[in-house]
Amino acid sequence: MGPVPNVTRADVAHFARNPLAYIAERWTPTRRTVRTAALVSLVMTVVIVVTGGAVRLTGSGLGCPTWPKCTDDSLTATSEMGFHGVIEFGNRLLTYVLCAAVGFAIIAARSRKPWRRSLTRYGWAQFWIVMGNAVLGGIVVLVGLNPYTVAAHFLLSTALIAVATATWQRTREGDAPTRPLVGRSVAQLVWVLTGVTVLLIAVGTVVTGAGPHAGDSSDVPRMDVGAVGLDWEGVSKLHAVLAWIVVTLTFALWFVLKAVDAPRGPLARTRDLFLVLLAQGVIGYVQYFTDLPEALVAAHMLGSCAVWIAVLRVLLSLRERPETASEVPARTDAELSAV
């Protein structure tokens, strides 16, 4: 074992004042480490969305009936609370795992040399969205799983996925000004595709909020879609129509990209999106005609995250952002002698 570093009182004071700067002075992660940290943060974001769905689908939404403690007298789930308490409290614990993943991504971005302030800001944006969504999740419990707060909870998670995806993409780019890889009309088509996808996800939350999976065995109110002249099946059909519009726009985008001889990146990302949409569509129709079995609903939630990430990757692939001169790492003497 190596010698134990001599930690002085000044080191402790420096760490207390600015722990990120203290770590950055003593650790320089590789580019791969920074990218992996951003990817882990994105994966954990998707995981907590899916496990949140599992809480709902197992009827464990009020397994911990209060917040921030699990019960009025206990911070954690107790044996008397049974399976539902374990599921709900387990999902709460995953929030800390997500915070750790986001925190490591922030530390890695801050410690990278040279320091990319923009990348660190993306990490902090993730952190504050996680904190906001944790508070909103507590409000969901306190108001007895009100379907509108549940929908807002999912939509904020969708925003978190967007920021996490953008962060992961930024770790693979530089900080130079962006250069478009396609024409303006193609970019506008992709923005329309993105907007319709946002609407698709929003209507999907209405389908869930008006559907049978209330999240608890007690009498939980559902969204009143009858107020706008629709029933649950009508909202489901609207959701399906929007899904077909997204598929059509994706198919049209692929043909346009082929026609203008677009770079490989946008073509590959569009192909990936099309394949994800097909898989999600199959799951959606099967769950609809089989009376919404819990396993397929969970798979559809995972597919929703995958669709959103795929759409964002198409959008982000339309431009490139090269590295600036200061970001190119200096070569070592061994590398220079090998040239």
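Predicted model: local features only at pLDDT ≥ 70, side-chain atom pairs only at ≥ 80, totals over all residues.
Select residues 117-142 to show α5 itself, and then colour its buried positions, among them Leu119, Gly123, Gln126, Val130, Asn133, Gly137 and Val141. Residues three or four places apart in an α-helix point the same way, because there are 3.6 residues a turn.

To display its lining, select Val34, Ala38, Ala105, Ile106, Ala109, Leu119, Gly123, Thr167 and Thr171. Two or more of these residues come from each of α3, α4 and α5, with α4 giving the largest share, 3 residues. By residue type, the lining divides into 6 nonpolar and 3 polar, with no charged residue.

Now follow the chain to either side of α5. In the loop between α4 and α5, select Pro114, which is joined to Lys113 by a cis peptide bond with omega of about -5 degrees. After α5 comes Gly144, with a positive phi near 70 degrees. Leu145, in the loop between α5 and α6, also deserves a selection, as its phi is positive, about 60 degrees, although it is not a glycine. With a relative accessibility of 6%, Leu145 counts as buried.

Most residues other than glycine have a negative phi, and most peptide bonds are trans. In the loop between α3 and α4, select Pro68, where the peptide bond from Trp67 is cis, with omega near 10 degrees. Then move to Asp261, in the loop between α8 (232-259) and α9, a non-glycine residue whose phi is positive at about 55 degrees. Asp261 is exposed, its relative accessible area being 68%.

Finish at the second largest pocket, which has a volume of about 270 Å³. Select Gln169, Arg172, Arg269, Leu316 and Ser317, which lie nearest its centre among the 15 lining residues. At least two lining residues are supplied by each of α6 (147-170), α9 (264-289), α10 (294-316) and β2 (319-320).

Methods
Residues numbered from 1 in each chain as written. Heavy atoms only, no water. 1 Å grid on protein atoms, 1.4 Å probe; cavity = no way out; pocket = protein on both sides within 12 Å on 5 of 7 lines; lining within 4 Å. Points joined across faces, edges and corners; volume = space filled by probe spheres on them. Helix = DSSP H or I, 4+ residues; strand = E, 2+ residues; numbered from the N terminus. Buried < 20%, exposed > 50% of the residue type's maximum accessible area, 1.4 Å probe, protein only. Nonpolar A, V, L, I, M, F, W, Y, C, P; charged D, E, K, R; others polar.
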